[in-house]
Amino acid sequence: MDQQRDELWQGGAWEQPSPVFPTPPPVHIPQPKVVRARRAKRRRWTAFVVMLALIGSLTGLTVLLGGTLSIPDLDIGIGDSIPGLPTQAVQTLPQAQTGSGVTVTISPQAEEKLSYTQVYEKNEPSIVSIHVIDQEGMGQGTGIVLTEDGYIITNAHVVQGAQVAGVVLSNDLSYEASLVGISPEEDLAVLKIDAQGLTPAEFGDSFAVKVGDEVSALGNPLGYRLTMTSGIVSAVDRQMVVEGSTMYLLQTNTAINFGNSGGALLNDRGQVIGVTTVKIISDDGSTEGLGFAIPTERVKYVVDQLIAGEEIKTPVLGITVIQEPGRAVGLKVDQIESWSDAKTKGMQVGDIITAVNGRPVRTNRELQRIKDLQRVGDSLTLSVERGGESLEFAIRLSDQAEHAAYN
C-alpha cells in the first residue's frame, strides 16, 4: 500500500574533508514512506454494528419525516478488522446522476490579502466532514463544497469501497451521500447530497502559486473538525508516484495529518488552490512538514469529467521537447510522432515553441501543466519560431491510451 520513495529523502554517508580527522560514526537515515493522508479509521466491530443499526433506523426516520441523516461521532478505538465482512471492499454507495453540467470555476487570484482568521471565516462553511463505513470499519475524511446544491469534492481514497457515506456540514447538519464519480488514479471523487443553500468554496488559480507563498490547510485531522494549520508552499509540480500513479503535486510544510484527506489547501486570499492528498512519514516518525495537495488545475480537469460521466483520458500532443541551456523562453521540438496532429499540421523538429494558448513556456512542466487542463480532442495553439519566422499551429490532442508507445 505504501510506496517507498528513497530519492525523496536526502542523506547519505558523512563526508571526510581531510584524512586528518577521524571518520564519524554512521548516521541512520530512516526510510521515508509516501502515504495517503488517509481518512482517520475507527475499527472496533461492536461499535460498527451499533452504528450500522443506528444509521439504518435513522435512514428510515429520514424518509418518513423528511429530515436529514445525523451520523453520530462515536468514540471507538482501533482494533481488529470486522468479522463477517468481505475481505475485498465493494463500492456500494448509491450512484448519483451525471451530466448535470456542473463544472469547477477557477477564479483569478484576488488582489486583497487576507489574515488567517479571515481565510478561516471565509472557508469554514465550505469544508465538510465525511464519515464512511467500509469492510475495515468506520472512517472520517474531509470534503470541499463545490455547489450550493450539494456537490462535494474529496479524495478517492476517502470513499473508495465505502458502503455508507455521510456528510456533516459545519453547522452540524448531516446528509447521506451518493457517488457521482471516482478516479483512484487521480485520487479524486465527487459526492452529492440532497441539500440547498450551501456555501461553495472559491477555487483559485494554482498556476499563480509560487514557492514561498503563505498557505493554510483546513480539514478534519484525526477527527478534529475544522482544524486550520499554516505554512508555505515548499515546491510546485513535485512529481510523486503514489500507489502506482504518477501525480504532479503542490508541496507544503503545512501540517497535514490523517483525516485531512480531501480537504483544502488555501492561499492567502482564501481561495482553494489544492486538495490535500498525501504526506511523507519515516519509520521513526521524525519526518515533518512534507505534505502534498492536488493543484486546482488538475482538480478541475478530473472533477469536470467525473460530473459529466466521462472517462478520464490522458491527452498527448505527440511531440517531445527539450530545454536548451541559455534559452530564457521557449522549448525546442526534438521529436514528432508520425501519428500526431503536429505532424499533420506541418510542425518540424527544431521548431521553438514560445507560447501555448498565449502563455509563455520556459520548462517542460509548464507545457505539461497547460496540456493537463485539456481533454482529448481539444486543441492547443502553439506559437512557434522557425528561422526567424513566427508561426502558429492549432494542434489537436490525442488519447495516450491509443498510442502506448508515446513517452
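I began with Leu331 and found its bridge partner in strand E22, Ile353. Before going on, I noted that this is a predicted model, where local features need pLDDT of at least 70, side-chain atom pairs count only at pLDDT 80 or more, and totals for chains, interfaces and linings use all residues. Residues are numbered from 1 along each chain as its sequence is written, and side-chain values use heavy atoms, with hydrogens and water left out.

**Entry 1: the whole chain**

I counted six helices and 26 strands in the chain. Of the 407 residues, 48% are buried. Buried here means under 20% relative accessible area, exposed means over 50%, and partly exposed is in between (1.4 Å probe, protein chains only).

I also looked up the contacts, meaning heavy atoms within 4.5 Å. Among those with a separation of 6 or more, 68% are between residues 24 or more positions apart. The chain exposes about 19000 Å², and carbon and sulfur atoms supply 50% of that. The area comes from the Shrake-Rupley method with a 1.4 Å probe; for residues, only the protein chains shown count as cover.

**Entry 2: back to E22**

Which strands pair with E22? I found that E21 (residues 331–336) joins E22 through two bridges, running antiparallel. E24 (residues 379–386) is also antiparallel to E22, over four bridges, and Ile352 has Glu385 of E24 as its bridge partner. E23 (residues 359–360) pairs with E22 over two bridges, again antiparallel, with Ala355 opposite Pro360. Pairing means that DSSP finds at least two bridges between the strands.

E22 and E23 make a hairpin with two residues between them, and Asn357 in the turn has a positive phi of about 50°. I then checked the cover on E22 (residues 352–356): five of its five residues are buried, so the strand is largely enclosed by the rest of the structure.

**Entry 3: E11, another covered strand**

In E11, too, five of the five residues are buried.

E7 pairs with E11 in the antiparallel sense over four bridges, and Ile152 stands opposite Leu191. E10 (residues 178–183) is antiparallel to E11 as well, over five bridges; there Ile182 stands opposite Ala189. The hairpin of E10 and E11 has four residues between the strands, and Asp187 takes a positive phi near 55°.

**Entry 4: the core and H4**

Next I looked up the largest nonpolar core, which has 35 residues; Ile144, Leu146, Ile153, Phe203, Val303 and Ile307 touch the most other members. H4 gives the most to this core, with six residues. A nonpolar core is a set of buried Ala, Val, Leu, Ile, Met, Phe, Trp, Tyr and Cys residues joined through side-chain atoms within 4.5 Å.

I followed Phe203 and, leaving aside neighbours within four places in sequence, its contacts include Ile144, Leu146, Ile153 and Thr296. Thr296 is in H4 (residues 296–308). Is Thr296 buried or exposed? It counts as buried because its relative accessibility is 1%. Its side chain makes a polar contact with the side chain of Ser206 at 3.2 Å. A polar contact is a pair of N or O atoms within 3.5 Å; within protein, one must be able to donate a hydrogen and the other to accept it, and residues adjacent in sequence count only if both atoms are side-chain atoms.

Also in H4 is Gln305, which counts as buried because its relative accessibility is 4%. Beyond neighbours within four places, Gln305 touches Glu310, Glu311, Ile312, Lys313 and Arg375.

**Entry 5: a loop and a cap**

I found Pro125 in the loop between H2 (116–123) and E5 (127–134). With 31% relative accessibility, Pro125 counts as partly exposed.

Last, I checked H6 (residues 364–372), whose buried residues include Leu367 and Ile370. Thr363 caps its N-terminal end, with a side-chain oxygen 3.2 Å from the backbone nitrogen of Glu366.
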